[in-house]
Structure formats: C-alpha cells, structure tokens
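Good morning. Please look at the sequence and the model on the screen, and keep both in view while I talk.

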Amino acid sequence: MKQSALFQTVLDSLDPAIIMVDAESIIVTVNQAAVDIIKVTKEEAIGKHYGAFFDTSWPLLKTVFETATPLQTRETELGDSTVLADFRPIIFENSIRGVVVVFRSIPEPEATQTGLKCHIHLAKQLDAIFESTYDGLYVADGQANSLRVNSAFERITGLRATEVIGRNMRDLEKEGYTNKSVTLEVLRQRKRVTFTSTLKTGKEVLVTASPIFNDNKGISLVVCNVRDLTDLNRLHRQLEATRKLNEEYRSKLGIDTKNYPVIAVSEDLKSVMDLASRVANADVPILLQGETGVGKGVVAQYIHQVGTRTGRFMTINCGAIPETLLESELFGYKKGAFSGANQSGKEGLFQLADNGTLFLDEIDSLSISLQSKLLLAVQDLMILPLGGTIPRKINTRIIAASNRDLSRLVSQGSFRKDLFFRLNVVPIHIPPLRERKDDVLPLANAFLTRYNRKYTEHKYLVPDVMEALECHDWPGNVRELCNLIERLVVTTLDDEITIEDLPANMRARASSPGLCAPAEMTSLKEAVSQFEARYISDAVQKFGSARKAARVLEVQPSTLTRKIKRYSTGE
C-alpha cells in the first residue's frame with residue numbers, strides 16, 4: 001500500500017471530521033467523517049474553497065491564518081448540529097502553509113459539565129499547590145524542554161518565566177543561564193540528583209531534581225526544587241541569633257538555672273513571679289516576706305536579672321553578721337575611722353551595688369540605730385560612711401526580706417514604723433511550699449537534674465517517692481526539698497530512688513493510706529471528697545478505664561463516671 005493511501009486510510013478510521021486546507025484555504029484532504037457531514041464525495045470536496053462547505057466556521061479559519069495561532073474547542077454550526085472545532089496551523093520555515101480543522105461532537109451536557117468542573121477544581125488545586133511552595137519549582141519534559149516554573153522560581157533565581165519556558169535546557173546551559181544543569185544530569189543518571197549551581201544572575205542555588213517515569217520506564221518529566229543558598233544562610237543566621245536570644249531570655253527568666261531554678265507551676269507562685277516581673281523595672285523598694293527557705297533570695301535575684309539595672313546584685317544576711325561589723329559592711333568607712341581599719345578605707349555594699357540591687361535578708365535583725373541610718377539610704381538615697389562627714393549620693397535599689405511579720409514588730413516597738421512603710425512600697429508574700437504542692441515535683445526534678453550533673457549520676461524517682469514528696473508538709477520549704485534531693489543522689493546505692501531511701505518520717509506517712517491530707521485542716525466532708533477523688537483517679541489510672549475501675553471498686557460505671565465528672569469540674 002502506498003504511503004498516501006495508508007495516510008488516507010488512517011484518516012478515514014478516525015471518528016472526528018478532519019479537513020486539511022492549504023495556504024489559500026483550498027481543501028486538500030478530507031476524511032470519511034467529514035464527507036458524511038458535507039454530503040459530497042471526496043473528489044467533489046478536494047480542490048474547493050473551505051468556505052463553500054463550512055461557511056459558519058470560515059471566520060475562525062481566517063483568524064488562524066491571520067494570527068498563525070491555533071484555536072481550540074470552539075463551538076460552531078455544522079449542518080443541523082453544533083460541534084466543537086479545533087484549528088491547528090501548519091507552519092513550515094516560519095510561514096503558515098495550511099490549517100488542519102477537526103470537528104468533534106459535543107458530549108452530553110451533564111457529563112461534560114460534571115467532568116469539566118472536576119478538571120477545573122483539580123487544576124486549581126494543583127496550581128495552588130505549585131504556587132504556594134516557598135521553594136522554586138521548575139518542570140521539564142523527558143527531552144529537557146522547559147514546561148513550567150512557579151513564581152518562587154522567578155523570585156529566587158532572578159530569571160523570568162518567559163526566558164525559560166519553551167526552551168531546551170541544553171540551549172540554556174550553553175547560553176550561560178546556569179553553569180551546570182541538574183535536569184540534564186538527571187536525564188543522564190536516571191535518578192535524583194542534588195548539587196549547587198550558579199546562575200547568570202549571580203545567584204548560587206541548591207537544586208534537587210527528581211525524574212518521573214512513565215509506564216515504559218522512560219523519563220516523562222523532571223521536577224526540580226530550587227533553594228536560594230543566600231536565603232538559607234540568612235535563615236541560619238536568624239536561627240542562630242534567635243537561639244542566642246533565647247538563651248539570654250532563659251538566663252534572665254531562669255536566673256542561672258544551674259543554681260537558681262525559678263519554677264512556678266502553682267497559680268500562687270505564678271502570681272508572685274508575675275508581680276515580680278511587673279515591678280522589676282520600677283525603682284521602688286520591695287519587701288519580700290515568707291517563711292525560711294521559700295526562696296526569697298531567688299525571687300530577689302529574679303527581680304534584678306529581669307530588670308534594666310546594669311550594676312551588680314549584692315546580698316547580705318543582716319542576722320549573720322555581728323552588729324559591730326554590719327554598719328561598716330553596709331555603709332563602708334573612711335581612712336582611720338576606727339582602730340584596725342584599712343588605711344585606704346573601704347566601700348560598703350551600698351556603694352558596690354551602685355546602679356544595681358542590694359538584697360537585705362533578715363532585715364528584722366537590724367538594730368534600731370542601724371535602722372535609722374538605713375532609712376536615710378532608702379528614703380534620700382544618701383549614705384554616710386563610718387568616719388565620714390559628707391553624705392554620698394547612691395543609686396541603689398533596695399530589696400529587703402524577712403521571715404517575720406514586720407508589722408507585728410512595728411507594733412512591738414522593735415522595728416521602726418517609718419522604715420517599715422518605706423520598705424513596704426511593694427510587698428510580695430511568697431507562700432510556703434506546703435501551700436503550693438504543684439511546685440513540689442517540678443522542683444524535685446530540677447534539683448535531681450542539677451545534682452545528677454554535679455555528681456555524674458543517673459538517679460531517678462519512682463512513682464511512690466514522687467507521691468511521698470507531694471504528701472510531705474515541707475516545714476523547711478524549698479531549701480529542705482533541695483537538701484533532701486542532694487542527699488538522696490549522693491547516698492543511694494542504686495540509680496532507682498525508692499521509698500526505703502526516704503527519711504523515716506516521710507516513709508511512715510507514705511506507707512499509711514489516706515495520710516496525704518491537705519496541709520491545713522478542712523471539714524470532714526471536704527477531706528472525704530478529696531480522698532475519694534484521689535482514690536478514683538488512682539483506680540482509673542491503674543486499671544486503664546472508668547469501666548474497669550468501676551468493676552474493681554464494685555460500683556456502677558455510671559456512678560463512677562458521674563463522680564469523675566463532678567470532681568474534674570469542681571461542681
């Protein structure tokens with residue numbers, strides 16, 4: 001069979017009507033489907049002008065000749081029917097030599113509409129995904145022809161889509177658009193490839209290209225991911241800066257977490273720390289009150305650290321220094337102020353803490369005479385060193401602390417009223433540890449981590465020990481807890497810290513069911529409710545579900561569920 005006859009046979013076997021015209025719009029080929037529509041023979045149609053048979057679509061054909069641009073899926077009249085027409089120009093040596101016209105019947109409206117909506121929806125989703133990625137995307141076919149790029153590609157590379165799309169990557173590489181094409185490398189190696197590449201815009205990018213294989217195991221597409229190394233380096237610097245800033249904040253908010261853990265889980269202590277944060281930048285005296293060991297010094301350190309003062313944090317325990325030395329420690333002295341004094345004199349803590357903070361612990365131990373001198377420092381920010389005659393101006397913030405009720409000492413005449421009111425500008429009461437049981441385990445774990453690190457140990461607390469710690473009243477407060485954890489770390493033989501390792505009084509209380517009672521006595525009804533809530537919670541945790549716990553406790557599941565709801569909501 002001759003080639004022309006074979007070509008005609010192929011055309012005749014196709015369902016769509018196909019008409020081919022030359023540059024003068026003269027029909028040169030038609031297939032059988034087209035002949036059936038125009039109701040003339042092939043011989044009668046060939047050689048005739050296209051408009052003689054297809055006058056309705058003739059304007060569309062003229063448009064194609066004028067623009068050399070294809071028209072697709074255009075509705076037009078053909079006989080008594082409406083059909084879809086495609087017009088594809090035949091271009092040879094940069095000039096249009098003819099047009100191929102294809103007529104197709106319109107599918108059923110419902111099916112077409114449904115299918116079209118699905119395709120449009122899918123296309124929009126794919127476009128949104130393609131454009132939303134932060135990295136640049138470049139897609140080429142299996143011959144390295146550029147098909148598509150996203151806007152991120154243009155932003156990162158500095159190349160416009162019009163410079164790339166429709167061009168072969170081999171030509172782009174030759175023209176210096178990139179020093180090395182990852183697309184061509186993928187086509188050679190037939191696997192994913194990653195390397196850095198320098199573009200003609202001067203950008204250095206990290207590119208990763210992956211092949212997409214068709215059913216015949218050939219490469220149909222190559223998808224490239226492009227990242228700006230400049231951008232990555234900037235992000236790395238930002239991350240490093242953020243990490244350092246985070247460490248600074250942790251240092252401020254934690255005050256050196258190795259030695260001064262500020263752990264506030266309970267609402268009571270959260271309120272204390274919130275107030276401390278709010279007054280940290282206000283140059284007002286602060287009076288910290290609370291039992292011994294609650295952490296007054298830690299809160300004072302915290303206030304200094306989060307504040308803006310640039311000077312040092314100085315601390316003195318007024319009850320630990322003899323009164324004869326305390327005045328010189330606080331205010332300093334001049335040369336020759338007393339027998340045995342340093343010949344060059346000495347600066348006191350007020351001067352050493354200039355532009356900083358002076359923490360006066362156990363301030364209730366000061367004598368009345370020293371209280372008078374302290375009042376001058378607090379009220380007028382002036383100090384008079386021993387042996388001096390001219391007061392000296394200071395800029396020192398005062399934080400005082402006491403484990404006694406200063407207002408009662410005022411009424412007893414052992415503490416000056418005017419000094420008390422001057423120190424009590426911002427009073428902060430730190431509750432004892434027994435009143436904030438939520439802080440016990442977090443503090444215990446923090447101390448355990450500290451002392452494990454200090455003594456190179458790997459000790460841990462078993463659940464029974466944790467419960468015993470929560471049950472203890474902690475008369476020595478946080479200091480007692482800290483000392484106990486250090487003792488357990490250095491004295492226990494095994495890594496596991498058990499009930500047997502605890503002091504005898506804590507073991508006795510832990511071994512007696514129901515003795516983990518509230519620190520303060522409540523009504524019997526309240527105590528029974530608290531015990532029942534804890535007992536139910538332990539049962540549900542142990543048996544895995546309320547239904548299983550109800551069976552063991554010999555109550556109806558609905559009853560147990562109702563109690564759980566009541567105790568969890570506090571109703």
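Before I name any element, here is how they are assigned: helices (H or I, at least four residues) and strands (E, at least two) are DSSP runs, numbered from the N terminus. This is a predicted model, in which local features need pLDDT of at least 70 and side-chain atom pairs count only at pLDDT 80 or more, while totals for chains, interfaces and linings use all residues. Residues are numbered from 1 along each chain as its sequence is written, and side-chain values use heavy atoms, with hydrogens and water left out.

Two strands pair if DSSP finds at least two bridges between them. The sheet is open, has five strands in the order S12-S13-S16-S11-S17, and its pairing is parallel. S12 and strand S17 (426–429) are at the edges with a single partner strand each, so one side of each has no neighbour in the sheet. On average, neighbouring strands here are turned by 20° against each other, direction ignored. For that angle, axes are lines fitted to C-alpha atoms, for helices over the stretch in contact, and angles run from 0 to 180 degrees between N-to-C directions.

Now the individual pairings. S13 and S16 run parallel and are joined by four bridges, and Leu358 stands opposite Ile398 in S16. Strand S11 (residues 286–289) also pairs with S16 in the parallel sense, over four bridges; there, Ala401 in S16 is the bridge partner of Leu288. S11 is joined to S17 by four bridges, again parallel, with His429 in S17 as the bridge partner of Gln289.

Is strand S16 buried or exposed? Buried means under 20% relative accessible area, exposed means over 50%, and partly exposed is in between (1.4 Å probe, protein chains only). Six of the six residues of S16 (residues 397–402) are buried, so the strand is largely enclosed by the rest of the structure. Both of its faces are covered: Arg397, Ile399 and Ala401 are buried on one side, and Ile398, Ala400 and Ser402 on the other.

S16 also contributes to a core. A nonpolar core is a set of buried Ala, Val, Leu, Ile, Met, Phe, Trp, Tyr and Cys residues joined through side-chain atoms within 4.5 Å. The largest one has 30 residues, and Leu330, Phe350, Leu358 and Leu360 have the most contacts inside it. Elements that each supply at least two residues of this core include S12, S13, S16 and helix H16 (368–380). H16 gives the largest share, five residues. In soluble globular proteins, nonpolar side chains tend to be buried together.

Next, empty space. Rolling a probe the size of a water molecule over the atoms shows where empty space is left. On a 1 Å grid over the protein atoms alone, a cavity is a set of points where a 1.4 Å probe fits but cannot get out; a pocket is an open set with protein on both sides within 12 Å along at least five of seven lines; and lining residues have an atom within 4 Å of a point. Grid points are joined across faces, edges and corners, and a volume is the space filled by probe spheres set on the points.

The second largest pocket has a volume of about 700 Å³. It is lined by 32 residues, and the closest to its centre are Gly295, Lys296, Gly297, Val298 and Arg479. Among the elements that give two or more residues to this lining are helix H12 (267–279), helix H13 (296–306) and helix H21 (477–491). H13 gives the most, with five residues. For the classes, Ala, Val, Leu, Ile, Met, Phe, Trp, Tyr, Cys and Pro count as nonpolar, Asp, Glu, Lys and Arg as charged, and the others, Gly among them, as polar. The pocket lining has 16 nonpolar, nine polar and seven charged residues.

How many cavities of 30 Å³ or more does the structure hold? The answer is one. About 230 Å³ of space lies in the largest cavity. Of its 19 lining residues, Phe153, Met169, Thr178, Leu199 and Val207 are the closest to its centre. By class, this lining has 13 nonpolar, five polar and one charged residue. Strand S9 (204–213) and strand S10 (219–228) are among the elements that each supply at least two residues of the lining.

S9 and S10 bring me to the other sheet. This open sheet has five strands in the order S7-S6-S10-S9-S8, with antiparallel pairing. Nine bridges join S9 to S10, and Thr208 stands opposite Asn225 in S10.

That is the end of my part.
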